[in-house]
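Here is a short note to read beside the model. Take the points in order.

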Amino acid sequence: MSIPWLLSVPLCTSLLCLIPWKRQVTRFVFIAGSLALAAMAFILVFRYGRGASLFAFGGNLMMDALSGIFVILIASVGLLASIYAGDYLFRQAGPNTSPRRLRRYAFFFHVFIFTMLLTVCSNNLGVMWIAIEGTTLASAFLVNVDDKKSSIEAAWKYLILCTVGIALALFGIILVYYSAVSRLAGGEGEILLNWTFLLAKAQSLDPQIMKLAFIFILVGYGTKAGLAPFHSWLPDAHSQAPGPVSALLSGVLLSCATFGIVRFHILTQAATGTSFSSVLLIVFGLLSVAVAVPFILEQSDYKRLLAYSSVEHMGLAAIGFGFGGIMGNYGALLHIVNHAFTKSLLFFSAGHLLYHFQTKHIKGIQGIFRKNAFLGIVFFSGILAISGMPPFSMFVSEFSILAAGFLDKNFLVCFMLLFFLTLIFAGFLRHASQMTFGAGPQAPSPKRSVLMDSVLGVGMILILMMGFYIPAPLNQLIQRASQVIGGVSS
Amino acid sequence: MKTFYIWLAQWLLLILLAPLITWWMRKIKAAFENRVGPNPFQVYCDLLKLFRKEMVISKTSSWIFHAAPYVLFGAILFATTLIPVIGSGSLLGFVGDAILFVYLLGLGRFFMSLAALDTGTTFGGMGASREMSLSSLAEPALLLSFFALGYRAHNLSLQGIMSQFALESPIQVLFFTSFAFGALLIITFVETGRIPVDNPATHLELTMIHEAMALEYSGRYLALLEWGHQIKQIIFLALLANLFFPWGLEPSPNLFGIAGSFLFFMLKIFFLALVIGWIEAHTAKLRLFRVPDLLAIAFVLAALSLLGQLIIGR
Amino acid sequence: MDAEFIFSLIHFLGLLLLIASFGIIASPQLAACIRFYAVHAFLLALITGLVGYLNHIPHLVALALLTLLLKTVVIPQVFFWIIRRLGIRKEVESYINIPFSLILAVLLVFLSFYVTEKMRLTSIASREFVPLAVATLLFGMLVMTSRKKALTQVLGLLLMENGLFLMAVTLTFGMPLLVELGIFFDVLVGAVIMGILVFKIRGAFEGIDVDQMTVLKG
């Protein structure tokens, strides 16, 4: 059991999905692949990856505690999304989705998961870049599933903006490599781009060039992570993609890009010995939260609402990493985990809403609770959770991040953050209560799907449980990962 | 002392020979069009005639209208002192005079445009606006190509550039400065109002630039403007000839050497004028809106010749 | 061939590369743009090959051959095929007119010279190429932001990628082979996917002008 095996699962599944089987068989393979991946990921991370980091392919691939968290995230959100998609697209899409298109969808879905896994498992920074670019290419087709005008536009913007951003990140990586080539003896070729090697020799890297490189990486991967002001593709892509894909994009893809930034953040901290990268992370994070506020307050499309909330939460995570220290890093990582589950739950319920009400407009939806009590409860508690209300998991992580900020004596940042979060909470509550309560038009309810409802149920249990109790292995994993990030306390 | 007289002589020569070059250009064009063309003294006679004629001046014009021809002519005479012709120095040349040269031309142009606006006719305003919009592109390009040449010669005076280039092998000079040559050639067409940009022989309102500005002038003022324009033309030809083909300068200080150097200079200029005339005869006039494209090319060429030196090194 | 000669030849090719980049910005027709891109990539391949030959780095020569095959033959041909299929005859439409974008481009080159001077990147292969690579990167961005057609945006992206490649080759003698191959693969797949999307844009928007894409806001 090792990393290559883990990576081969989604790759094989994607190829199997291409074979022109019957609809039901493709669907079975589609879901079974994610199930196998999730099982392997859990075994690999919690059993084999307990002690030290795992390596493969001559050190090009690596899994330490930090990667472990993201592997778990990708596998579990991927599993939920594929089960949901298995019903959402394969059964309900109706006769107008051709089997060919479904196969293509299934193929790209698993390729997307593969590229994300490769991103978090790569030790070689160049390979990580290739994988992140791969996520863009694979998911562009997932954003544009129905060939509508708006989804083509979203896919095009997504592709172009992210590729430009990623190109800038490559510039940063070239700079890092240059710094390694010119300063580090005793290494050659690929090893000079290996994160572990660079970290061990970080003291001798050129601090000026590493700072410059970090700026480029932050802009590049930040585009992908949806940090303001490079976030403009994000609401378009998230609102046009089908529900399960939005869940993957928002819950995991953004986190993977943040993962890339964090890797360089660690390197830059070690190389420069200053809080240069932390300050940048805090600034961009705060900007992202601030930018999200007006768009959340005045939003007419509930999927875009959720998308802007992703901008906000990625900003929060960046701020957490910026505050640093065990507390800040722990909070930020926990926040990423909680956000992944909560946001995917919300996007799944958005898929439900679209299915029940046939509209993406907030104004077009009233009385979810009356129509479908289960959906109403899930949606409303999801909204409460995403805006950081106490019984749910997001509260814990947001609290840790803020506590880290106060410990760090970053009072100004913390107060601004609290102010923005309050505004966002108000905006969410206004939209959600209008959608959930009240008497809506009582059209006949369409047939409910047990699988899709059960995905919602599982997500609901997860976000409630994580609010009270974080499973011990996961807790250990996050703690070890936050030690990996460590860093200078600013 | 002797060199001073040479410098003074070359200044006077440029001024006096300017109409001759105009005749030569007309003759070339005529030859390409199978016409006989004017005799060599025609241009001088025209000038003389204009000087003797009475002036008709609009009542609404102010002092600017009267001052502009003198300012323009004076600026050009001043600019002429900076050009080495047969010696390797010039009358008033100093380090950095290339910049002064550009701005002397700019000063003349500025007053010309003011005067064109002064009378309040539509043609004048039109011409002034066209002239200004073109020169806003031409001036940086001219400056940039001087910078490019100066960067290579380590010297930003016209005489310095020439004497530096005279020391190097011609092929090297041409290789490194060919882009700047292209840029200056295009700018020459613009500044002297030749055909792809402007047509000096027509008064067609849709196209004219320079003629539109001089439309209100007559008599002595017109003669000054015309003469100034002709001197400007010979300056640019002399620049092209001496900057890029800096051979035969610095004659031996006897009469024979000076005469030989002068004849060689005239040969270069006549040949260049032949090339320009040929280009003029074989191209159509550009639409006014396409002229900025041409100037942008000049700008890029000038930039490239500077960048080329940065990239290739010396 | 002696090293001195190759060294100056590389620099001369660098100048030609810059001229080719200017060509992409200056050409009013899409087909001409693509030809200039092919020339650009060809010069890039030559530079890469010569740098590899000069410094005895075999994998750079391999990369040069790959560049030659992929960027001077395959990608331009794909572009021409798309143009033929879509029947694009019109000129390149631009938000900024050509003279102005040329002047902007000149300023960008000077900017990149200035910035790289500040960065003190003393490149291994040659100092003069770092600003050139940065300038190519900026040119790519200029093309992407100033042009209206979806296809020219892709071209700008590829130009940016060329700049990055030049940067890697001259700054560090290329990234490790594994990484460079991966980047090549990504570029190829990216170009193909963008090509397919261009077809879809054509189908949905009646034309490939990106300024018609205004459905999504807020």
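1. Of the 490 residues of chain A, 63% count as buried. Buried means that 20 or more other C-beta atoms, placed from the backbone, lie within 10 Å of the residue's own.

2. This is a predicted model: local features need pLDDT of at least 70, side-chain atom pairs count only at pLDDT 80 or more, and totals for chains, interfaces and linings use all residues. Residues are numbered from 1 along each chain as its sequence is written, while chains are lettered from A and ligands numbered from 1 in the order in which they are written.

3. Chain A holds 19 helices and two strands. These are DSSP runs, numbered from the N terminus: helices are H or I with at least four residues, strands E with at least two.

4. How many residues of chain A are in contact with chain C? There are 33, and they meet 33 residues of chain C. Contact means C-beta atoms, placed from the backbone, within 7 Å. Helix 6 of chain A gives the largest share of this side, 18 residues.

5. In chain A, residues 24 or more positions apart make up 82% of the contacts with a separation of 6 or more.

Notes: Buried ≥ 20, exposed ≤ 12 C-beta atoms within 10 Å, placed from the backbone. Contact = placed C-beta atoms within 7 Å.
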